[in-house]
Amino acid sequence: MTSALALLRGINVGGNRKVPMAELRGCVEAAGHSRVATLLNSGNVVLTLRDGADGRGVDVHASLATEVTDGLRARLGFDVAVVVRTRAEIDAVIAANPFPEAAYDDPAHLVVMFYATPVSVDPAFDAAAYGRERAVWAGSDAYLHYPDDIGHSKLTPVVLTRATGQAGTGRNWRTVLALRDLLHDRD
């Protein structure tokens, strides 16, 4: 059995696109997955994949994202973008952190941006043009350190979407570690 994580993008922010966590859990359970739990109210759901969901030839990322998106559309009437990571992938994200000092000293200002597919960053993009923020891209993930203030930073999700050509969903380092712990609890 493989544990996985589905990260929903752009929900429960500013009163828009409300997704109750009970609905999210119910949607994932209805798809046959087990040991389903949510973390916070921002669209983090951990689960154990149903038998066969991670078999040979199955794209776990696409199939789980589609199940969650379709299930929530049926239940709530709108589409939600979903990014999926397995336990092994989250472990790799944590191990590859290029900002270990920020992870230790300032975990609330270290963000991992998760993308559905590998990112190809515009060569003209320079995070330093937006302030003291630092950005490192690695495959389908980006590590962003906001040493001053995330809320007032000019390195916004819109800027990142323009630089990468796709929208991602971010989680701060503390949340990433908490999600890792929940994933490990499932194995």
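Which strand is valine 82 found in? The answer opens the first of these close-ups, which come from a predicted model.

View 1. Valine 82 sits in strand β4. With a relative accessible area of 10%, valine 82 counts as buried, because the cut-off for that label is under 20%. Setting aside residues up to four places away in sequence, valine 82 touches Ala6, Leu7 and Leu8, along with Ala65, Val68 and Thr69. Have a look at alanine 62 too: it is 20 residues from valine 82 along the chain, and the two C-alpha atoms are separated by 9.2 Å.

**View 2. Strand β1 and its partners.** β1 is mostly covered, with six of its seven residues buried. β1 is joined to β3 (residues 44–48) by five bridges, and these strands run antiparallel. Six bridges join β1 to β4, again in an antiparallel arrangement. Leucine 7 is a handy landmark here: it stands opposite asparagine 44 in β3, and opposite valine 83 in β4.

**View 3. Leucine 8 and the largest nonpolar core.** This core has 22 residues, and those touching the most other members are Leu8, Val19, Leu24, Val68 and Leu72. At least two residues each come from β1, α1 (21–30), β3, α2 (60–76) and β4. The top contributor is α2, with five residues. Zoom in on leucine 8 and, leaving aside neighbours within four places in sequence, you'll find it in contact with Val19, Leu24, Val68, Leu72, Val80, Ala81 and Val82, as well as Ser42, Gly43, Thr169 and Arg171. Apart from this core lies another, of 20 residues, including Leu7, Val112, Tyr143 and Trp173. As a bit of background, nonpolar side chains in soluble globular proteins tend to be buried together.

View 4. Helix α3 spans residues 87–95, and its Ile90, Val93 and Ile94 are buried. Looking down the axis of α3, the buried residues fall within an arc of 95°, so they line one face of the helix. The general rule is that an α-helix has 3.6 residues a turn, so residues three or four places apart point the same way. What do the buried residues of α3 pack against? Their partners are the strands β1 (3–9), β4 (81–86), β5 (110–114) and β7 (141–145), plus helix α6 (173–185).

Notes
Residues are numbered from 1 along each chain as its sequence is written. This is a predicted model: local features need pLDDT of at least 70, side-chain atom pairs count only at pLDDT 80 or more; totals for chains, interfaces and linings use all residues. Side-chain values use heavy atoms; hydrogens and water are left out. Buried means under 20% relative accessible area, exposed over 50%, partly exposed in between (1.4 Å probe, protein chains only). Helices (H or I, at least four residues) and strands (E, at least two) are DSSP runs, numbered from the N terminus. The arc is that of the directions from the helix axis to the C-beta atoms. Contact means heavy atoms within 4.5 Å. Two strands pair if DSSP finds at least two bridges between them. A nonpolar core is a set of buried Ala, Val, Leu, Ile, Met, Phe, Trp, Tyr and Cys residues joined through side-chain atoms within 4.5 Å.
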